[in-house]
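Subject: Structure handover

Hello,

The structure is below, for your files. My notes on it follow.

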Amino acid sequence: DLQLVVYLDAAMNNKKDAVSLEISGPLDGDDIAFLRTMTHLETLNLSDAKIVEGGDISCKTVNDELPANFAYDASFKDKLSDIVLPKSILSIGANAFYGCVHITSIEIPESVEEIGTNAFYGCSLQTIQIPGKVRKIGSTIAVHPNAGLTSIAVDAMNPYFTSVDGVLFNKDCTELIAFPNGKDGRYVVAEGVKTIAEAAFH
């Protein structure tokens, strides 16, 4: 069963006013739809939660996939600053944390295989670490127009991607996928690069 551990300010009586929330057990679309109504949520720990199939048209989930627009459509988007993702998820949906400007760091679980377009767009990340199993990455995954991303790192065991001086490439470095918009200095694209992704320097 779904278990909630809620830490409330002494003056708060409404459960939607929770500022910190820890969830374990199955979590479906209906549960996420409720989460999105919480207006004051700053800390959300989903480490021991498991995304399962369920929900309706407003938020429908499939097993082990953090849905698209997870926090983008949430009332807490402008408050959330600390997020721990479920350790069993396989994918992070498009726009999952779009516009969560107070998120300065995030750990992508080792289980993740896909990261959707704009998953962390607008977050204030300075670095991001791509785990070893990730095989698909959408464009502009972690860009903030003001606070700059300075480095994208990739697990050395990843067979699909690599990082050179903080810049994201495919494994054989023939495609430049993403250049951190906060990286300083002049950058010269290596001769071996044949393709530059459309939003690489966004």
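Strand pairing and other notes

Strand 13 (residues 161-164) and strand 14 (residues 167-170) run antiparallel and are joined by four bridges. Strands here are DSSP runs (E, at least two residues), numbered from the N terminus, and two strands pair if DSSP finds at least two bridges between them. Within this pair, Val164 stands opposite Val167 of strand 14. The hairpin has two residues between the strands, and Asp165 in it takes a positive phi near 55°.

This is a predicted model, so local features need pLDDT of at least 70 and side-chain atom pairs count only at pLDDT 80 or more, while totals for chains, interfaces and linings use all residues. Residues are numbered from 1 along each chain as its sequence is written, and side-chain values use heavy atoms, without hydrogens and water.

The average pLDDT (the predictor's confidence in each residue, from 0 to 100) is 89 for the protein, and 90% of the residues score at least 70. Over residues 6-12 the pLDDT is below 50, and this stretch has ten contacts (heavy atoms within 4.5 Å) beyond near neighbours in sequence.

Strand 10 and strand 12 run parallel, with four bridges joining them. Ile128 stands opposite Ile152 in strand 12. On strand 12 (residues 151-154), Ile152 and Val154 form the covered face, and Ser151 and Ala153 the uncovered one.

Ser124 sits in the loop between strand 9 (114-115) and strand 10 (127-130). A polar atom of the Ser124 side chain lies 2.5 Å from the backbone oxygen of Val101.

Regards

Methods:
A polar contact is a pair of N or O atoms within 3.5 Å; within protein, one must be able to donate a hydrogen and the other to accept it, and residues adjacent in sequence count only if both atoms are side-chain atoms. Buried means under 20% relative accessible area, exposed over 50%, partly exposed in between (1.4 Å probe, protein chains only).
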